[in-house]
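Colleague: I have a model open and some terms to sort out. Can we go through them one by one?

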Amino acid sequence: MKIKDQKDDFKIKSRWVSVLLVLFILIGCKQNTDHSQSETSTNTTLVAQDPPTIDEVQEVVAAFNNVMVNPTAELMETLCAEELTYGHSSGHVQDKDEFIDDLVNGPFNFLSLEADDQTIHISGNTAIVRHIFLAKGTNAGEAVDVRIGNMQVYQKGKDGKLRLLARQAYKLPN
């Protein structure tokens, strides 16, 4: 009698194990299905928006550089994303409001600005721009020449406009 009870117990336990295994497999499949559906909707969103063109990026970089030389808060507001993070070669990082206020009211004034050796890489609605930032200006009335590396990230918004999302300058070797 004990052997039969043990066999019955074993059969019941293996059925439960089988049922649990099937449930785990089904749950795993459901999660993979949900995950692939969310990826599809994300990809559809990115594809639905036209990526920026090289010409558009070159135009916005030129506009940004022109506003740096002749700064107005109104123009900078249109060229910068709300989430802007603006990094200087000194390591100082500013948000959008700090950057615009410093550019318009700060002690540094750009007299001229060039972007040498510029490269542009486009990925989705984002453009990564790298160049050598060459500028002449004054800092608290003293003449200053600037030569630094610069990386900018522009993002195309739902309104179709490119805005500066991030900028990081870095010191170049002498």
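Colleague: Are Tyr-86 and Phe-99 buried or exposed?

Modeller: Both Tyr-86 and Phe-99 are buried. Buried means under 20% relative accessible area, exposed over 50%, and partly exposed in between, with a 1.4 Å probe and protein chains only. This is a predicted model: local features need pLDDT of at least 70, side-chain atom pairs count only at pLDDT 80 or more, and totals for chains, interfaces and linings use all residues. Residues are numbered from 1 along each chain as its sequence is written, and side-chain values use heavy atoms, without hydrogens and water.

Colleague: Why is Phe-99 called buried?

Modeller: Phe-99 has a relative accessible area of 3%, so the residue counts as buried.

Colleague: What makes Tyr-86 and Phe-99 a stacked pair?

Modeller: Rings of Phe, Tyr and Trp (its six-membered ring) pair if their centres lie within 6.5 Å; planes under 30 degrees apart count as stacked, over 60 as edge-to-face and the rest as tilted. Here the centres are 3.9 Å apart and the planes are at 20°, so the pair is stacked.

Colleague: Why is the pair of Phe-64 and Phe-99 called stacked?

Modeller: The ring centres of Phe-64 and Phe-99 are 6.1 Å apart and the planes are at 15°, so this pair is stacked. Phe-64, Tyr-86 and Phe-99 form one aromatic cluster.

Colleague: How do you know that Arg-167 sits over the ring of Phe-133?

Modeller: The rule wants NZ of Lys or CZ of Arg within 6 Å of the ring centre and within 35 degrees of the ring normal. The charged end of Arg-167 sits over the Phe-133 ring, 5.4 Å from its centre.
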